[in-house]
Amino acid sequence: MPEEESAKNAADGGGSGLDRVREELSNYLTAKTSNLVSSAGGKVSGLAQKVAEGGGPGGGDLPKMGAKLLQGESPAKAVGGQMAKKVKDKTVGKVQELFGGGGEAGDKKVTNIVEVLDVGLPLRRVYDHWTEFEEFSGFMKGVVEASRGDDDVTSDWTGKVGPSKRSWQATVLEQVPDNRIVWKSSGEATTHGSISFHELAPNLTRIVVVVEYSPGGFLEKTANIWRAQGRRLRLDLKHFLRYVSLGAQEVPEGWRGEIREGEVVRSHEDVLAEDEEDEGNGEDENGENGEDEEQDEEQEEEEEEEDGDYEDSDEEEDESDEEGENEER
């Protein structure tokens, strides 16, 4: 039976070798796990120290993550939640900066708008057309309605801002006929502006518009990103040029009053009366000048007649002298 014993010994040897491999593998895994646990413990200790000190990368984020770890949250959840909050805060800050929000009180973004327009009409006619702003809604796309107040200083406006409408009140601070108008407005958005009129030639007038625009509502701030207000003003000025040059048939009366420091110092009627009086004085002066010219002409005619008489008398004397000389001969 030697063959049976050798086979049994081989089987026993193979079984003991497999057990040994399993034992060695188990020892290796145990050692590796111990090293990992030790390394993780060191990292957790370092993290805890940084949390206690409030330093390290992330600054104030580490104490918050450490607090969540101490409360029993998993490390992945604590770190992920804090990073998500940080990204959210940055996004909100960018949006507030973009739309002008989130700043200190009184810190508003102001848009400056300057436009120049030349109109081929006399100065007074262009100014009178502009003062009839109640007609703007008929040819300007940005104006829905406008009306002058009873005090001639304030006016109510309704305009388009994107797909919606906005209403505001404007107050004239200064208005000098044929010269300039200065105003401010209050509402969802605030403006402070001036428009001046300059005569370049008898039939050429330049308009200069300067506006400080402060957007207020969400739509105003959104539109301000693309400078929509400046483009709207530019287009409406072109519509005004088209209207006064081609559309308006009648000469406007306008509003000729004068405003200083927000108060009317000369009414529309007073200025018209003064203009009529000046025209009357001009006609009187022209009449007096005409009479003077007639008198001068009469005097010249009389002088010419007298000169003619003198010439005739001289000729008669010469003839009588010649006759006397002939008789003596």
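A salt bridge is here a side-chain nitrogen of Lys or Arg within 4 Å of a carboxyl oxygen of Asp or Glu. By this rule, the predicted model holds 13 salt bridges.

In the first, R124 bridges to D128, with the closest N and O atoms 3.6 Å apart. Because R124 and D128 are 4 residues apart in helix 4 (residues 123-131), about one helical turn separates them. R124 is partly exposed, at 37% relative accessibility, whereas D128 is buried, with a relative accessible area of 3%. In the second, R232 forms a salt bridge with D236, again with a closest N and O separation of 3.6 Å. R232 and D236 belong to helix 6 (residues 228-247), where they are 4 residues apart, about one turn of the helix. Here R232 counts as partly exposed at 31% relative accessibility, and D236 counts as buried at 7%.

R260 forms a salt bridge with E174, the closest N and O atoms being 3.1 Å apart. This pair links distant parts of the chain, since R260 lies in strand 8 and E174 in strand 4, 86 residues apart. R260 is partly exposed, at 36% relative accessibility.

Strand 4 (residues 164-176) has pairing partners of its own. It pairs with strand 3 (residues 154-161) in the antiparallel sense over 8 bridges, and V161 stands opposite S164 of strand 4. Strand 4 also pairs with strand 5 (residues 180-187), in the antiparallel sense and over 8 bridges; Q169 has S186 in strand 5 as its bridge partner.

Most residues other than glycine have a negative phi. D178, however, takes a positive phi near 60 degrees in the hairpin of strand 4 and strand 5, which has 3 residues between the strands. D178 is partly exposed, with a relative accessible area of 22%. E261 likewise has a positive phi, of about 55 degrees, although it is not a glycine. E261 is located in the loop between strand 8 (258-260) and strand 9 (263-266), and at 79% relative accessibility E261 counts as exposed.

How values were computed
Residues numbered from 1 in each chain as written. Predicted model: local features only at pLDDT ≥ 70, side-chain atom pairs only at ≥ 80, totals over all residues. Heavy atoms only, no water. Pairing = 2+ DSSP bridges. Helix = DSSP H or I, 4+ residues; strand = E, 2+ residues; numbered from the N terminus. Buried < 20%, exposed > 50% of the residue type's maximum accessible area, 1.4 Å probe, protein only.
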